Amino acid sequence: MADGTPPATAPAARPDGPRPEPLRFFGTTWVGHDGGYGLRRAGVAAGSLAAAVAGALVLRFAYEGLAIASVGGFVNGLLVVMFAVCTAIAFQRTWEGFVRRPADPAREEALRSLKAVGFVGSLLAYFVRSLVEAPGEKLARAEYEAARARHEKRRTTRTGNPAARRKRPRR
């Protein structure tokens, strides 16, 4: 499948019931923790940590390039503060995104460039979250279980085919 989940690991849900949301790198294996879920979590944790380290090295090379150019202490300090603030904000926003949907999607869109500058923070949030669960699993599980409960409630409140009912005689 396109999301990386083999068809055999898809949950056995009724065709008319709600379907779980596939998560990046995990597909729908997060529902039953099957289909190599543990290995995928370990791979995501290792990959995001390696990417964060590589990103930090790239930022260090950029800083050294400015130091070689002798742009001055103020610019160097400004650069360090900017990357530190952007990394902290990116970590916080990414972490919150695993727990709840953004209240204002337009604001999240406006912060996209800030999160791109602080990409190391996003990668670190992804790493830390993947040590506990698939990133976004808690939110997806809560939404999926709520949708299943609504679906079951709708199904149990129905009493059958109304056209097949016999008419009661009037008194």
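**Exercise 1. Sort the lining of the largest pocket by class, then find which helix gives the most to it.**

Start with the classes: the lining of the largest pocket has 14 nonpolar, six polar and 12 charged residues. Here Ala, Val, Leu, Ile, Met, Phe, Trp, Tyr, Cys and Pro count as nonpolar, Asp, Glu, Lys and Arg as charged, and the others, Gly among them, as polar.

A word on the model before going on. It is a predicted one, where local features need pLDDT of at least 70 and side-chain atom pairs count only at pLDDT 80 or more, while totals for chains, interfaces and linings use all residues. Residues are numbered from 1 along each chain as its sequence is written, and side-chain values use heavy atoms, with hydrogens and water left out.

Next, the pocket itself. A pocket is an open set of points on a 1 Å grid over the protein atoms alone, where a 1.4 Å probe fits, with protein on both sides within 12 Å along at least five of seven lines; lining residues have an atom within 4 Å of a point. Its lining comes to 32 residues, and Arg93, Thr94, Gly97, Phe98 and Lys115 lie nearest the centre. Two or more lining residues come from each of H1 (37-69), H2 (73-99), H3 (105-110), H4 (112-117), H5 (119-132) and H6 (137-157). Helices are DSSP runs (H or I, at least four residues), numbered from the N terminus. H2 gives the most, with five residues.

Last, the volume is about 1000 Å³; that is the space filled by probe spheres set on the points, with grid points joined across faces, edges and corners.

**Exercise 2. Check the spans of H1 and H5 against 1.5 Å a residue.**

The expected span is 1.5 Å times one less than the number of residues. For H1, 33 residues should give 48 Å, and the end C-alpha atoms are 48 Å apart, which agrees. For H5, 14 residues should give 20 Å, and the ends are 21 Å apart, which agrees too.

Now look at burial (buried is under 20% relative accessible area, exposed over 50%, partly exposed in between, with a 1.4 Å probe and protein chains only). Buried residues of H1 include Tyr37, Arg40 and Arg41; those of H5 include Val120, Tyr126 and Arg129.

**Exercise 3. Which parts of the chain do the ring pairs Phe25–Tyr126 and Trp30–Tyr144 link?**

Rings of Phe, Tyr and Trp (its six-membered ring) pair if their centres lie within 6.5 Å; planes under 30 degrees apart are stacked, over 60 edge-to-face, and the rest tilted. That rule gives six aromatic pairs.

Phe25 and Tyr126 sit 6.4 Å centre to centre with 80° between the planes, an edge-to-face pair. Phe25 is in the segment before H1 and Tyr126 in H5, so the pair ties together parts 101 residues apart in sequence. Tyr126 counts as buried, at 16% relative accessibility.

For Trp30 and Tyr144, the centres are 6.2 Å apart and the planes at 85°, so this pair is edge-to-face. Trp30 lies in the segment before H1 and Tyr144 in H6, 114 residues apart. Both Trp30 and Tyr144 are buried.

Finally, ring pairs join Phe25, Phe91, Trp95, Phe98 and Tyr126 into a cluster.

**Exercise 4. What is the phi of Phe25, and of His33?**

Most residues other than glycine have a negative phi. Phe25 has a positive one, near 75°, and His33 has a positive one near 50°. His33 lies in the segment before H1 and is partly exposed, at 43% relative accessible area.
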